[in-house]
Structures are given as structure tokens and as C-alpha cells.
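Reader: I would like to talk through this structure with you, one question at a time. Could you show it to me?

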Amino acid sequence: NSGTKIHGNRCDGGIKCLKQASNATTTFLCSAAQPLSPPSSVLRNEDLKEMLESNKESLKLEAMKRVVGLIAKGKNASELFPAVVKNVASKNIELKKLVYVYLVRYAEEQQDLALLSISTFQRALKEPNQFIRASALRVLSSIRVPIIVPIMMLAIKEAAADMSPYVRKTSAHAIQKLYSLDPDQKEQLIEVIEKLLKDKSTLVAGSVVVAFEEVCPDRIDLIHKNYRKLCNLLVDVEEWGQVVIISMLTRYARTQFTSPWKEGASFEENNEKAFYASDSEEKSERTEAEAYVMDPDHRLLLRNTKPLLQSRNTAVVMSVAQLYWHLAPRHEVNLVTKSLVRLLRSHREVQYIVLQNIATMSIQRKGMFEPYMKSFYVRSTDATHIKTLKLEILTNLANEANISTILREFQTYVKSQDKAFAAATIQAIGRCATNISEVTDTCLNGLVLLLSNRDETVVAESVVVIKKLLQTQPTQHSEIIKHMAKLFDNITVSMARASILWLMGEYCDRVPKIAPDVLRKMAKSFTAEEDIVKLQTVNLAAKLYLTNSKQTKLLTQYILNLGKYDQSYDIRDRTRFIRQLIVPNEKSGALNKYARRILLAPKPAPVLESAFKDRDRYQLGTLSHSLNSKASGYQELSDWPAVAPDQSVRNVEVVEPVQEWAPSVGKTKKLKSDDKFYSDNEEEKAEEESESSEGSSSSSSSSSGGGKMVADVYSRASFQVTAPSFGPVKTYELLHHMTGKGLSAKYHFPRQPCLHQPGMVAVQVTLSNGSDRSLEEIHVGDRSPASLNIHCFNTIERLEPEASVTVSMGIDFSDSTQAANFQLCTKEDGFSVSIQPAVGELLMPSSLSEQDFSREQGEKKILQAPLVQLQAKCALLLCVFNIRR
Amino acid sequence: MIHSLFLINASGDIFLEKHWKSVVSRSVCDYFFEAQERASEPENVPPVIPTPHHYLISVLRHRIYFVAVIQSEVPPLFVIEFLHRVVDTFQDYFGVCTEAAIKDNVVVVYELLEEMLDNGFPLATESNILKELIKPPTILRTMVNTITGSTNVGEQLPTGQLSVVPWRRTGVKYTNNEAYFDVVEEIDAIIDKSGSTITAEIQGVIDACVKLTGMPDLTLSFMNPRLLDDVSFHPCVRFKRWEAERILSFIPPDGNFRLLSYHVSSQNLVAIPVYVKHNITFREGSSQGRFDLTLGPKQTMGKAVEAVLVSSQLPRGVLNANLNASQGTYTFDPVTKMLTWDVGKINPQKLPSLKGSMNLQAGASKPDENPTINIQLKIQQMAISGLKVNRLDMYGEKYKPFKGIKYMTKAGKFQVRT
């Protein structure tokens with residue numbers, strides 16, 4: 001029904017338009033298109049207005065869809081504002097969403113009308129549905145109307161304390177919006193940021209750091225207390241948040257920790273005599289470990305970012321790479337190489353950025369990318385900017401050992417159809433030739449051969465590069481100069497002509513016969529040359545006048561006269577200057593005597609260096625680095641402080657967990673930490689906290705490990721499995737040291753989701769060596785019943801006397817209280833042990849608010865859930881009723 | 001972060017714009033058009049363009065430029081990666097990402113863009129989450145919606161947003177539970193004139209299509225995991241498990257996704273599946289050139305080489321080519337000078353060849369570069385690195401899923417220099 005009506009409307013409009021158009025063409029004889037378009041759009045708008053004001057939802061929706069179509073095309077639809085804004089409270093969610101889109105787009109233009117919608121949002125902010133609350137906040141904060149700043153502020157503050165992490169995330173976004181609308185709110189907003197930074201949800205972390213970076217990037221003090229938390233949450237944060245957190249933490253770390261590179265530098269200073277030997281970094285690193293001790297927090301950051309190199313998101317990989325580049329000890333930076341090379345397989349645009357960064361890195365550290373040299377070989381299908389970057393990197397990587405391979409590769413490139421690329425290759429050959437003296441002659445010969453190339457740009461570029469090379473090689477190269485003089489007539493590219501002229505002048509004593517002849521030719525064509533060629537002609541004339549005035553006096557006079565009346569003031573200026581300098585007359589002063597020494601002074605050779613040489617002043621991976629100029633809002637990376645600021649600022653008030661394992665167990669700790677989920681560090685922390693049994697731990701986040709699945713089974717009921725256990729943890733004896741020949745074992749239930757498998761119950765076993773010799777190869781042996789599903793801890797290679805180690809294992813009790821029997825073995829012996837769980841230990845802790853509980857109870861989810869759960873052989877659920885009054 | 005987005009088609013029309021903060025005039029794109037004019041090829045437009053007040057970061061896919069407008073410092077890869085994600089999402093929703101598809105679905109596109117970014121910062125980019133928010137348009141659904149008045153837009157927060165497995169939606173149900181894995185390897189190689197390999201490497205991906213009920217927990221193990229040198233994972237893969245045991249353990253997203261991409265360690269010699277015998281010559285002074293190309297199988301481990309496509313950019317001076325293909329068809333585009341030869345399957349008994357002459361522009365000198373030959377090919381049922389999946393196990397659910405694994409080898413950037 002409604003469909004036909006729309007159709008009808010459209011037809012009507014169309015017919016009217018046609019009529020008008022035909023009128024227009026007959027009366028005014030203009031082109032049909034011009035008079036047609038304005039009335040048609042007016043009509044459309046009226047149609048749309050009518051549809052929006054109709055009673056039918058479907059009509060309204062159809063109209064809104066068209067309005068959005070107009071907005072998308074960039075057409076102005078602001079006239080419809082009053083009609084659209086009426087629908088803001090619509091029940092139809094899609095219609096409402098489209099109205100939101102419209103509002104955000106036009107509210108700034110129609111501020112008064114936009115205010116009509118505000119109360120709807122204020123109401124929606126109180127909705128029980130978190131999604132609606134979040135959307136309302138999103139739109140409210142996107143309406144750029146200064147009058148509602150206080151309302152926004154209030155809404156943000158409330159949302160920042162919302163139960164739902166999704167709403168809190170939205171509030172973090174809203175902070176930035178409000179800040180850009182009214183920067184005066186900064187102080188209040190910082191308070192909200194400070195509060196949100198403390199948030200433990202991975203969902204919020206990324207967004208609040210973005211807000212921090214935008215509003216108060218200099219308030220580094222806000223980060224201290226949250227530093228460790230951010231490091232630990234990092235792997236579980238969504239990928240976009242990871243990028244901003246990593247780049248913020250890079251900046252933070254550069255202000256808080258001392259340089260891990262310092263020792264290398266001082267080593268070199270101390271051993272000035274060993275200067276030659278200490279050139280390579282590897283050597284300097286040997287002594288590094290002696291004095292420098294890395295801050296554990298610094299190490300924490302490096303360790304927790306490393307797995308992210310495996311991310312599928314190229315931006316994350318790049319940000320970890322830059323973090324390692326700016327923060328890691330020299331020998332660890334190589335870790336990132338492989339991952340960066342991997343990114344080269346990605347889209348062209350990604351390649352471009354990654355290659356730029358590799359170019360900067362490869363200047364300082366050839367060794368990093370040398371093994372992957374072949375990955376930078378150019379393919380004929382690459383885009384030009386990719387080709388030039390690859391060339392740049394290959395040139396940076398060139399050394400004595402690989403130069404022959406690289407030059408062979410370059411030979412192919414020179415023949416490329418892409419002439420701009422061929423020219424760039426010639427430049428690159430020139431750079432290789434100056435950097436590696438062994439190949440200078442080979443390169444020079446190769447370039448001379450290119451002079452007979454058919455393509456002009458190739459020849460011209462060769463001339464320019466040869467000129468530079470000859471300057472660095474002040475030996476006898478008169479043959480090459482003669483050869484170039486012969487070519488001179490055929491070369492038309494001005495830069496190349498100018499280069500040859502300069503060479504002639506500079507080395508005129510080596511080609512005494514040819515140079516004056518070239519000058520003669522130039523005198524003939526002087527007026528038709530480009531400026532740069534003219535300047536060099538004047539230059540050549542002056543030099544020849546000084547060395548060989550007999551032959552060239554008249555020619556020089558002639559050229560100077562031409563130059564005097566040239567159109568370009570540059571050339572007139574130069575001519576005047578040269579004339580005064582070389583031609584002695586009564587007015588010229590003392591300078592004249594020194595003309596020869598001025599013009600024919602030995603000149604330093606130009607240094608051919610990479611365009612990426614100074615790029616490292618910008619943080620890698622940033623826009624500024626990419627553009628090689630400071631982008632607005634770029635935050636400098638500070639130098640390492642000479643003395644580390646107070647480390648204790650990062651301590652969190654929570655009672656620090658007692659280290660249960662002996663200090664010598666660094667190795668075993670590592671062993672134990674594998675076979676877990678991404679977030680092992682978080683796990684470890686959580687374990688530590690539960691061990692500290694005082695119940696003071698409240699910080700561990702619930703979002704880890706196997707609890708995921710269990711939580712998901714219940715996600716309809718929106719249960720959150722809470723990890724921390726309140727109240728004392730009871731420890732049971734597993735093996736007494738008398739029976740265990742020195743090995744004793746205790747266990748307790750950490751009451752956390754098991755990391756290994758969802759159905760398992762996590763058990764923590766503390767193994768101690770009470771004997772006077774070290775125990776080796778402690779592992780779990782036979783079990784009974786044989787079907788018993790145990791996730792064993794990894795074999796502990798060695799346990800020193802008096803040392804102890806805590807390991808975690810998972811046991812599937814099959815939801816029964818039957819004991820699990822297994823053998824605990826050392827290298828020599830095996831001891832049968834058994835773990836019997838209490839019923840409560842089979843359950844999973846979970847917290848619920850009172851309202852939620854009664855609601856769930858009403859729906860009978862809770863009462864039935866455990867039963868379902870039992871059947872499903874999953875871990876169980878313990879409801880801790882958190883009645884808040 | 002990302003201020004606005006403009007979509008520009010091949011002919012330089014802005015056909016869609018979206019702003020996440022205050023409106024940026026579309027005249028900012030003029031700087032982009034300038035850069036476009038300067039670039040000889042569409043691919044050569046620099047991805048990052050500075051303008052007086054903004055920065056333009058663009059990607060080109062499916063002949064559409066996606067131009068993001070940035071106002072202040074942001075990692076450029078962040079924006080590029082996001083733009084590619086947008087394209088992937090469009091492809092996922094509409095099957096293709098063309099100007100027509102985007103224009104037809106402009107409302108869905110707008111709804112998607114609205115959900116994907118909030119204030120220029122990515123909000124939801126996981127396909128599973130987006131699909132709960134905005135259902136992909138299908139003919140059936142459009143019809144049902146017009147009749148019943150229901151909408152494509154979800155009213156609830158997608159469960160994934162809050163869960164710790166955000167990539168998977170809950171309440172998934174299938175009658176046929178299936179999990180398919182495609183191991184696809186690509187050989188990137190440069191072969192020089194004489195037929196020796198300059199560089200060759202293998203890159204692989206495992207693409208999965210998983211349609212399993214509930215919350216399955218899968219593990220996938222390889223016979224020879226040591227082959228994998230460098231890997232990148234879908235966020236669902238448990239990294240620690242891989243580090244320790246070289247086993248892929250994960251709760252999969254629902255539907256299609258890329259589980260893993262990998263690089264085969266460079267110590268292993270790469271088998272080159274085909275060889276090319278070529279003789280492309282231009283004689284000095286004559287307006288004729290000779291073209292002679294023969295393909296043959298090299299190291300294929302007994303498998304057939306299929307879907308072979310040879311393409312080559314001939315020198316600019318070539319006017320026309322009169323060739324004779326022993327099998328398949330060839331085309332020569334006299335404007336772009338692109339020669340394409342669709343060979344099909346290589347028969348080892350009767351090697352395919354393409355022979356004939358090329359006509360050069362009269363009076364033009366002999367081109368000094370010989371063209372590069374690009375080869376595409378496919379070999380079914382084989383991963384050229386020798387990678388083999390050992391087993392796939394499922395935990396957490398009771399039913400028996402149907403499992404399938406397919407191997408394929410393709411040529412990636414496979415070039416032969418002549």
C-alpha cells in the first residue's frame with residue numbers, strides 16, 4: 001500500500017518537473033538541464049516533508065532513507081530540519097538512528113531547533129538498555145551546540161560511572177567531543193579522564209587513552225598509577241585501542257626510565273683507543289649488562305607488547321615495532337624485523353608506510369634488515385613510490401659484502417620502462433659508489449656506459465651523478481670529461497648541461513683544449529639556454545678567463561655582455577659580480593687579486609646521503625615521520641632522563657603480593673607461564689593476588705582465561721564471572737616432605753576460571769624442596785582412574801634446596817567430589833597423591849546486583865542454570881549476592 | 001582522529017561523504033585531485049597528502065579512492081588499516097565493493113560507517129558484531145521488511161561488544177555443523193633472464209569458514225609446524241599455546257575469517273612450479289620484433305598446473321602483435337600495451353607456446369628493455385611448502401562437526417625478467 005503511494009508521489013513530481021521543463025525550453029530556449037534541477041529539488045523536499053509528517057512509520061522511514069541519501073551525496077537537506085527532528089522520539093529504531101545521523105550533521109547549523117531534541121536524549125540516558133543509553137550519549141555529545149555544554153558535562157560524568165563498560169567507553173569518546181566544542185571545560189574533563197583511566201575494563205582502556213592524548217597529553221602524572229594495569233590489559237584491549245595505548249606508553253617510558261643504550265655509549269667513551277673495534281654494536285653490548293639494570297616496569301612493557309607483533313592489524317605491528325625501536329635495548333630491536341617484513345605483503349598503502357619506516361631504521365642499523373635484502377627487490381608491477389622507497393632501502397643496506405649483488409640488481413632497474421625510476425636508480429648507484437670505495441670505479445664505468453643510453457633522462461641523471469662522483473675522486477678523470485664534452489651537443493636536459501659545464505670549468509686545466517671550444521659553442525647558444533645553464537656558462541667563462549685568458553678573453557667579454565642584458569635578474573646580478581671580480585679595472589678593489597683563489601678554490605665533495613637521514617627525529621610510525629614535517633598535534637618524544645624519576649609512583653596501593661617462590665626461580669617461573677591464554681601476565685598477577693589470601697585483592701580483571709566461555713554461556717543473563725576470591729584461602733597438604741623424600745606439596749583452589757579448559761577446576765600447587773639436594777624433573781605421572789583429565793604443569797627441570805615454586809594445573813572432576821588420584825614424580829621417585837575437592841570449589845564465583853538477581857530469578861534463569869550447567873559438564877556457578885544498600 | 005571520509009570514483013566524482021566531527025568542505029579533495037593529476041597511474045597517488053589545514057590519507061581499492069581527512073597527528077597505518085577494514089566490510093555486506101553497490105545501499109553504508117567510528121575512533125569493526133547491529137541486505141529480508149515494517153537495525157548491544165570473545169556472536173545455531181579450512185600458499189618469485197631464481201618465498205594463509213553451533217573450542221595442529229617462520233593470527237588464536245606447543249587453539253568467529261597468515265622460513269628452498277623459455281627480441285633498424293614464449297611444468301610434485309595466465313607489459317613502441325597460441329587465447333591492448341595470454345592447464349606432453357611477431361612504430365628506435373612476464377597459476381590439492389594439517393579437534397560442544405581441509409598453491413607476485 002505504502003509502496004504504491006510513494007511511487008505515485010514520485011510520478012507526480014516527475015510529471016510536474018517535465019511540464020515545467022518543457023515550459024522552460026519553449027519560452028526561454030535554454031538547455032533543459034538548468035531550469036529542471038532547482039524546481040525538482042524543491043519539490044523533492046516538499047514531498048519528503050510531507051512523508052516525514054505523515055502517520056505511517058514506513059513512509060517516514062522511506063523519507064529518512066532518502067534524506068540520508070542526500071546527505072551522503074553532499075546535498076543540502078537542512079531545510080527539512082523541523083520535519084525530521086519531530087521523529088527523534090520514534091519507536092522505530094532504524095528511523096531513530098537515521099534521525100540521529102541527520103541531527104548530528106545539521107544541528108550545528110540549526111541550533112535552536114536542535115534543542116528540541118535534547119530532552120529525548122536526556123530521557124534515553126536513563127534507559128535500562130545499555131545500548132540505548134550509549135547511543136543517546138553518542139548523539140547528544142555529537143550535537144555541536146554550545147548551549148548544551150553543561151548538559152553534556154553532566155551526562156558524561158554520569159556515564160563515566162555507568163555500570164556498563166560500553167557506556168563508559170562512549171563517555172570517553174564524548175569527552176573529546178566536548179573538549180573540541182568547549183576547551184574551557186578542560187579541568188573538569190581531566191577529572192573524568194582520571195577516573196576513567198582507573199577503569200579496569202579492556203573496552204574502556206583504548207578510548208580513554210585517546211581522550212587523554214587529545215585533552216591533556218602532558219599530564220603524564222595521571223598515567224603513573226595506571227601504567228602497570230595498562231601494560232597488563234594491553235593484549236586484551238581491542239586492536240585500535242592497542243595502537244594508541246602503545247604509542248602513549250612509548251612517550252611515557254621515555255620520560256620515566258633511563259636509557260637502555262647508555263652503557264654502550266659510555267663503553268665507547270672509556271675506550272677511546274679501542275675506537276675502531278667498537279664500531280659495531282654487538283661488541284659494545286658485551287659490557288652492557290654490568291652496570292645497567294632495567295626498570296622492571298620498562299621490562300614489563302617490552303614483554304607485554306611482544307606478542308602483539310603477531311597481530312593481524314598492521315597498525316598494531318607497526319606501533320610495537322616503533323616501541324621496540326625507541327625503547328628496547330639495541331640487541332632486542334631485531335625482534336621486530338621479521339614482522340615488519342611480513343607487512344610488506346599487505347596492501348600497497350601499508351607497504352608505503354612500512355617501507356618509509358624501514359628506510360629510516362636501515363640508515364642507523366643496516367644489520368637489522370640485511371638478511372631480508374631480497375624482500376626489497378623491486379618488481380615491475382610496484383607503484384613508483386614503492387619502487388623508490390625500496391631502492392632507498394637497498395642503497396642503505398649496501399655494504400662491501402653485498403654490493404655486487406645489489407649493483408647487478410640495479411642494472412636491471414636502470415633498464416626499466418619507468419624512466420623516473422631508472423633515474424632514481426642512477427642516483428642510488430652514485431650513493432653506493434661514494435659510500436663504498438671499492439666499487440667507485442666500477443660504478444663510474446657503468447655510469448659512463450649509460451651516457452650512450454637512448455633515453456635522455458637516463459643520460460642526464462648519469463651526467464649529474466658522474467659530476468658528483470668525479471668531485472669525490474679528484475684523480476685523473478680527463479677521459480670521462482672529454483667523453484662528456486663530446487656528448488654535450490646531444491644532451492638537452494638543462495641540469496645535465498649545467499653539470500658538464502661546471503665540470504669543464506672546475507677541471508679546465510685537465511682539458512685545456514676542449515674547454516675553450518665548449519665555451520665557444522655556448523657563446524653561440526647562450527640566449528636560448530635555461531637559466532641554470534647560463535649561470536654555469538658565466539661560471540665557466542670566468543674560470544677560463546683566469547686560467548687561459550689568451551684564448552678566451554673575447555669570448556668571456558661577449559658572454560658577460562650577453563649576461564648583462566639578460567631577462568633574469570639572477571643572471572644580470574651574477575654577470576656583474578663576475579665581471580668585477582675577474583676583469584681588473586680602476587674601480588675594483590682588493591678582491592680582484594684573489595679572484596683566482598676564490599673561483600678555483602678546492603671544493604669539498606658533495607655528500608650523497610639518504611633523504612631519510614634526519615627522519616628519526618620524529619617518532620617512527622607517526623604521520624609526522626611519514627611527511628617529514630611536524631604535523632599538528634604531534635607530541636615530541638623526549639630524550640631519556642639522565643636519572644630515572646621516582647619508580648614508586650607507579651606502585652598501586654593494593655598490598656603487593658608476597659612472592660611465594662624463591663628468588664632463584666626466575667627460570668621456573670617462565671616455565672610455568674606457558675600454555676596459557678594471551679594474557680599470561682595478567683594471570684600471573686591474578687594468581688599472586690589470590691595467594692596473598694588477605695582478601696585485599698580487588699584489582700584483577702575478570703576478563704581472562706577459561707572464564708570467557710563460561711561467561712558466554714550466560715551472556716544472555718549478562719553474568720560476570722568475578723575472579724577475585726574474598727575471604728581466606730585454605731591450603732591443603734598434598735604431599736608431606738617426609739613421605740616425599742624431601743619434596744613437599746601443598747595445594748589450594750584459586751577459585752578462578754581454569755585457564756586450560758573450561759570444564760576444569762584450577763588448582764595451584766606449591767612445591768617445595770625440603771631436602772638438602774636439588775630435585776630434578778618434577779612432573780605429574782600416572783593417574784587413576786586413567787580417564788581422569790588433568791592439565792599438568794610443565795615439568796620442573798630443577799628445584800634447588802629450600803626453594804619453592806607455585807604451579808597451576810587444571811583438573812576435571814567431572815562435577816563430582818570424587819578424589820583425583822595421580823602420581824607426583826621426581827627423577828627418581830613417584831608419590832601417589834590425591835586431591836579431593838569440596839563442593840564449593842567446583843563452583844564459579846559470580847557477582848550480581850540485587851536488581852539483576854531478582855530479575856533473573858523472575859525469569860528462573862538462575863535456578864535452572866546450574867542444572868543445565870552440570871549437564872553441560874561445564875564449570876559451575878556460584879552466585880555471590882552483592883546486596884548494596 | 002578520522003574526521004571525514006570521501007569516496008571518489010575513477011572519473012573523479014565524489015559520490016559519498018561522511019563526517020564524524022564538524023563538516024569538512026569537500027573542496028579539500030581538490031588537493032587530492034591535484035595529486036591524482038600528477039600521478040601517471042592511479043596506483044601512484046601518494047597515500048598521504050598534506051594540505052594547509054588537513055591531511056588526506058587514501059587507499060585505492062576496486063577503483064574507488066577512499067579518502068580520509070585527518071586534522072592532527074595519528075599513525076597513518078591506523079587510518080589505512082581502518083579504511084581497508086571498511087572496504088572488507090562493504091565486500092562482506094554487499095558481495096562486491098563497487099560504486100553501484102555502495103550507491104544502491106547508501107543507507108546501510110551510512111549506518112555501518114556510523115557504527116564503525118565514533119568521533120573518528122573505531123568503535124566496532126568486527127564483522128560478527130556489525131552483523132548483529134545491522135543485518136546485511138538480502139532480497140528476502142528487504143521484502144519481509146517492507147511487508148512487516150521490521151528493520152535491519154538491532155536494538156540490543158551486540159553480545160560480542162562486552163564479551164571477552166568479541167569476535168563471536170552468541171546463540172549461533174546450525175543444523176549442519178561444518179568447519180572448512182583452506183590452506184592457500186602463494187609463491188612470490190623473481191626469475192632472471194637465464195631462468196635462475198633471484199628471490200623466491202612462500203607466503204600462506206589459512207582461511208576458514210566455520211559454521212558451528214554454540215561455543216566450540218577448536219585446536220588445529222600441523223605435522224610440520226617448524227616450517228612456519230613468521231605468523232600473524234586472528235585475535236581468537238591463543239598466542240601462548242602456539243608459543244609453547246605450536247598448536248592453534250581458538251574459539252572461532254562465526255562464518256568466514258582468516259585464521260592465520262604465515263611466511264615459510266627462508267632456509268627452505270622454494271620449488272618453482274613452472275619454467276618459461278622465452279625469446280623476445282627487437283632488431284635494430286627493423287620495425288619487427290620476435291616474440292617466442294614456451295611454458296613448462298618444473299617442480300609440481302605430480303600435480304597439474306591450472307589456470308595459468310601470462311601477462312606482460314610490452315614496450316611503448318610496440319604497435320601490434322601477431323601471435324599464435326598453441327593453446328588458450330591471447331589479447332593485446334594497443335593502448336596500454338598489455339599482452340595477456342590465458343593459457344589454462346599446462347599439458348606436460350604438449351607444452352603451450354605463444355609465438356609470432358610484433359610490429360613496432362615505424363622509425364622508432366629499438367626499445368632497450370625487454371618486458372617482464374607476470375605469471376598467475378593454480379595448483380590444487382597441494383601446499384608447495386609441504387605444510388600439512390595434522391588434526392582438528394573440537395572441545396566444548398557435544399556434536400560431531402564435519403571437517404574439511406583444502407590445499408592450494410597459487411603464484412603470488414611471480415615475475416620472469418627477460
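The questions and answers below cover this predicted model.

Reader: Glad to have it on screen. How many helices and strands does chain B have?

Author: Let us begin with the overall span: along its principal axes, the C-alpha trace of chain B covers about 75 × 55 × 45 Å. Of the 418 residues in this chain, 57% are buried. As for secondary structure, chain B has eight helices and 23 strands.

Reader: What share of the contacts in chain B between residues at least 6 apart in sequence join residues at least 24 apart?

Author: Contact here means heavy atoms within 4.5 Å. Counting pairs at least 6 apart in sequence, the share in chain B that joins residues at least 24 apart is 68%.

Reader: And how far apart are the mean positions of the positive and negative charges of chain B?

Author: The surface first: chain B exposes about 17,200 Å², with carbon and sulfur atoms supplying 49% of it. The chain carries 43 positive and 43 negative charges. The distance between their mean positions is 8 Å.

Reader: Which residue does A:Glu332 meet in a salt bridge?

Author: The N to O distance in this pair is 2.8 Å. A:Glu332 sits in the loop between helix H20 (314-327) and helix H21 (337-343) of chain A, and its partner is in helix H19 (residues 296-305), 33 residues apart.

Reader: What is the relative accessible area of A:Asp489, which forms a salt bridge with A:Lys521?

Author: In this pair the closest N and O atoms are 3.1 Å apart. A:Asp489 is in the loop between helix H29 (478-487) and helix H30 (494-506) of chain A, and A:Lys521 is in helix H31 (residues 514-525), 32 residues apart. A:Lys521 is partly exposed at 27%. A:Asp489 is also partly exposed, and its relative accessible area is 46%.

Reader: Now the surface of chain A. Which residues form a negative surface patch with A:Asp570?

Author: A:Asp570 belongs to helix H34 (residues 569-582) of chain A. Patch members need over 30% relative accessible area, and A:Asp570 is partly exposed at 48%. The residues that form the patch with A:Asp570 are A:Glu530, A:Asp531 and A:Asp573.

Reader: Back to chain B for a last one. What is the phi of B:Asn119, and where is this residue found?

Author: B:Asn119 is buried, with a relative accessible area of 6%. This residue is found in the loop between strand S6 (117-118) and strand S7 (121-122) of chain B. Although B:Asn119 is not a glycine, its phi is positive, at about 55°.

Definitions and conventions
Residues numbered from 1 in each chain as written. Chains lettered and ligands numbered in written order. Predicted model: local features only at pLDDT ≥ 70, side-chain atom pairs only at ≥ 80, totals over all residues. Heavy atoms only, no water. Patch = residues over 30% accessible without salt bridge, like charges linked within 9 Å, V, L, I, M, F, W, Y side chains within 5 Å. Areas by Shrake-Rupley, 256 points an atom, 1.4 Å probe, with all protein chains shown as cover. Salt bridge = Lys/Arg side-chain N within 4 Å of Asp/Glu carboxyl O. Lys, Arg positive; Asp, Glu negative; His and termini not counted. Charge placed at Lys NZ, Arg CZ, Asp CG, Glu CD. Helix = DSSP H or I, 4+ residues; strand = E, 2+ residues; numbered from the N terminus. Buried < 20%, exposed > 50% of the residue type's maximum accessible area, 1.4 Å probe, protein only.
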